[in-house]
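Reader: I'm new to reading protein models. Could you walk me through this one, a few residues and strands at a time?

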Amino acid sequence: MENDHDFISDEELAAFLDGNVCNDEFVSVMEALSADGETAQILDIARRIEDEAMARDNTILPMLSLAAANPQNLCSFNCETYILRSLGFDIDHWSLLETAKANSWLRDGGTPLHHVGRLLELKGLQVERIYDAHAGIIEKALNEGKHVIAVVDYDKFRGHEPGTDQTFHAIYITDIYPDEGCDIKYINMATGQQRYVDGAEFLQAWKQSGHYVVIASQDVKGYNPQPINVENISLDAGLEELTEAIAENAHDIWARARMDEGWTYGPVRNDKLKQHPDLVPYAQLPDREKEYDRLMAMNTLRLVRRLGFDIINLEVK
């Protein structure tokens, strides 16, 4: 008679993969897997697929998500007005609020992550938006007297179990302690008091936004561009071919704009005469210029993927 422990039904295997088994069932499945190489191979493949899917999910940046973790969805707005007041700006709360709404920087559901800091820019501050940041970037900014807003998952930040709908929260950080597990100190905008948060909870909550941080300063000379990292985002063959068309079109857009400003072709660049050697068809550009346009096109497509979008060819049946 066949040992029951050597057989796994499809239902049992599915439950095991989903983690919906008790301890006895887990032991039973593991015993069966040790005796059934084919089932073990299926399980290994399923786990690899799941890991790859999770890796893809983790690369997506929630740029269009909303920071909205207080009753009026004003967490980002409050952080920015706090910074402006601390710098001595005489601001009208309601006028600034209407400005934010009129420009869609603040919406009914909150502030889109890529609009955090727009009010600071409006008042002339230099704002850097950085994804894939790390504690060292926050520490350096604070040491330089800059202002730091980090975006975190609200539930994880408060040490709660995540809800069904993820809610992001903008916080104004005043101190970070990398040598102490990245504990942080931040301002509670409701009370104006500083609070400490355990580093492990902060890092887990911060990870959900793609380690997104907004750094603001009145020092306009300290610009340090840090574009979104797309090196690990792959493109299929069809999209790689698309980059050439995008690169050529980008060159044509640039050339058309220069010509409309009165520029013409010249063997060397001459700003006084408005002559430029690259005012030629894309095919006649030097390879180094083509490669620049191709790189810009390819990185744009990779960025689209990193932001969670996809490109579909509607002509393919």
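Reader: Where in the chain is the place of Asn 73?

Author: Happy to start there, and keep in mind that this is a predicted model. Strand E1 covers 66–67 and helix H4 covers 75–86. Asn 73 has its place in the loop between strand E1 and helix H4.

Reader: Does Asn 73 count as buried or exposed?

Author: The cut-off for buried is under 20% relative accessible area. Asn 73 has 17% relative accessibility, so Asn 73 counts as buried.

Reader: Then how far away is the cysteine sulfur nearest to Cys 75?

Author: Cys 75 is buried, with a relative accessible area of 3%. Cys 75 is in no disulfide, and the nearest cysteine sulfur belongs to Cys 79. The distance to that sulfur is 6.6 Å.

Reader: Why is strand E8 described as largely enclosed by the rest of the structure?

Author: Let's take the two faces in turn. In a regular strand the side chains alternate between the two faces of the sheet. On one side of E8, Val 213, Ile 215 and Ser 217 are buried, and on the other, Val 214 and Ala 216 are buried too. E8 is largely enclosed because its buried residues number 5 of 5.

Reader: In the hairpin of E6 and E7, which residue takes a positive phi near 80°?

Author: Strand E6 (residues 183–188) and strand E7 (residues 193–197) are antiparallel, paired over 5 bridges. Among the bridge partners are Ile 187 and, in E7, Gln 194. The hairpin has 4 residues between the strands, and the residue with the positive phi near 80° is Gly 192.

Reader: What is the phi of Ser 104, which is not a glycine?

Author: Ser 104 is found in the loop between helix H5 (93–102) and strand E2 (111–112). With 33% relative accessibility, Ser 104 counts as partly exposed. Its phi is positive, at about 60°.

Reader: And what is the phi of His 211?

Author: His 211 lies in a loop as well, between helix H9 (199–207) and strand E8 (213–217). Its relative accessibility is 23%, so His 211 counts as partly exposed. Although His 211 is a residue other than glycine, its phi is positive, near 50°.

Reader: To zoom out, what percentage of the chain's residues count as buried?

Author: The chain has 11 helices and 10 strands. Its accessible surface comes to about 19400 Å², and 49% of that belongs to carbon and sulfur atoms. Of its 317 residues, the share that counts as buried is 35%.

Terms used
Residues numbered from 1 in each chain as written. Predicted model: local features only at pLDDT ≥ 70, side-chain atom pairs only at ≥ 80, totals over all residues. Heavy atoms only, no water. Helix = DSSP H or I, 4+ residues; strand = E, 2+ residues; numbered from the N terminus. Buried < 20%, exposed > 50% of the residue type's maximum accessible area, 1.4 Å probe, protein only. Disulfide = S-S within 2.5 Å. Pairing = 2+ DSSP bridges. Areas by Shrake-Rupley, 256 points an atom, 1.4 Å probe, with all protein chains shown as cover.
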